[in-house]
Each structure stands twice: as C-alpha cells, then as structure tokens.
Amino acid sequence: MSAAVAAYDVNNIFARILRGEIPCKKVYEDEHALAFHDISPQAKIHVLVIPKGAYVSMADFSAKAGDKEIAGFVRAIGRTAEMLGVVESGYRLLANHGPNSHQEVPHLHVHIFGGQALGRMLAVERKA
C-alpha cells in the first residue's frame with residue numbers, strides 16, 4: 001500500500017473532531033458526514049466535508065466504502081453547498097490525495113470554497 005493509502009491514523013485531527021474531542025464550527029451533519037468551517041480559511045467561504053468512516057483518501061473511500069456511505073457523502077457535499085448559499089454563484093471542490101497534493105490530514109476531506117471569485121484553478125509554473 002502506498003503512503004497515500006496507508007493505514008488509517010485513529011488520532012488524526014478529523015477523527016478527534018468526529019469523536020467530539022476537538023470542537024468545530026459545524027455547518028452540516030448526518031449519519032454519513034460532517035461539514036465544518038476550516039480553521040484557516042483560504043476563501044470567504046471555506047468548509048470541509050468529511051465522511052464519518054475511517055478513510056485516508058478518495059482512493060481509499062472509493063475502494064472500501066459501501067454504496068450508501070458513498071451516496072450519503074456526496075449528498076452531504078451538495079447539501080452543505082446549498083446551506084452555504086454558494087450553489088447559484090458557484091463554488092469549488094477540492095480533495096487532496098497524498099504528498100504531491102499537500103494533503104495535510106490523513107482523513108478524506110473535501111474542501112468547499114466559495115463566496116468570492118476564485119480565479120484560476122491551479123497556479124502552475126510552465127517549464128520551457
């Protein structure tokens with residue numbers, strides 16, 4: 001198994017939030033997911049949506065989660081965007097996977113960015 005799909009760390013910060021050991025500013029919660037404001041927002045609206053199951057990444061989630069859990073997580077992302085009021089104006093979803101993406105917490109999480117014009121998707125240096 002690669003480092004990006006390594007064993008799940010039950011003490012990662014999102015696991016601790018799910019257990020109620022660390023508080024969060026909750027936006028949405030159901031049986032499959034929890035959405036909360038990022039503690040270091042990168043946009044006017046910056047919310048994280050995490051599955052309640054122990055998954056390191058989207059690859060891990062898509063390989064191991066059941067159909068109800070996958071559908072519930074995707075619906076939670078959509079419901080959260082609606083609750084945030086960004087559906088009409090537009091928003092960006094981002095899920096990092098592994099070291100090259102700068103994934104900081106080894107628990108699957110989808111960022112919802114919105115509430116402002118977000119600019120280009122990636123700032124990439126082009127090699128000559």
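1. Rings of Phe, Tyr and Trp (its six-membered ring) are taken as a pair if their centres lie within 6.5 Å; planes under 30 degrees apart count as stacked, over 60 as edge-to-face and the rest as tilted. By this rule there are 3 aromatic pairs. For F14 and F36, the ring centres are 5.6 Å apart and the planes stand at 70 degrees, so this pair is edge-to-face. F14 sits in helix α1 and F36 in strand β2, 22 residues apart, so to speak linking distant parts of the chain.2. A word on the source: this is a predicted model, in which local features need pLDDT of at least 70 and side-chain atom pairs count only at pLDDT 80 or more, while totals for chains, interfaces and linings use all residues. Residues are numbered from 1 along each chain as its sequence is written, and side-chain values use heavy atoms, with hydrogens and water left out.

2. Last, the largest pocket: an open set of points on a 1 Å grid over the protein atoms alone, where a 1.4 Å probe fits, with protein on both sides within 12 Å along at least five of seven lines; lining residues have an atom within 4 Å of a point. The lining has 32 residues, with D38, Q42, H46, L48 and H111 nearest the centre. Elements that each supply at least two lining residues include α1 (13-18), β2 (33-37) and β3 (45-51).

Notes:
Helix = DSSP H or I, 4+ residues; strand = E, 2+ residues; numbered from the N terminus.
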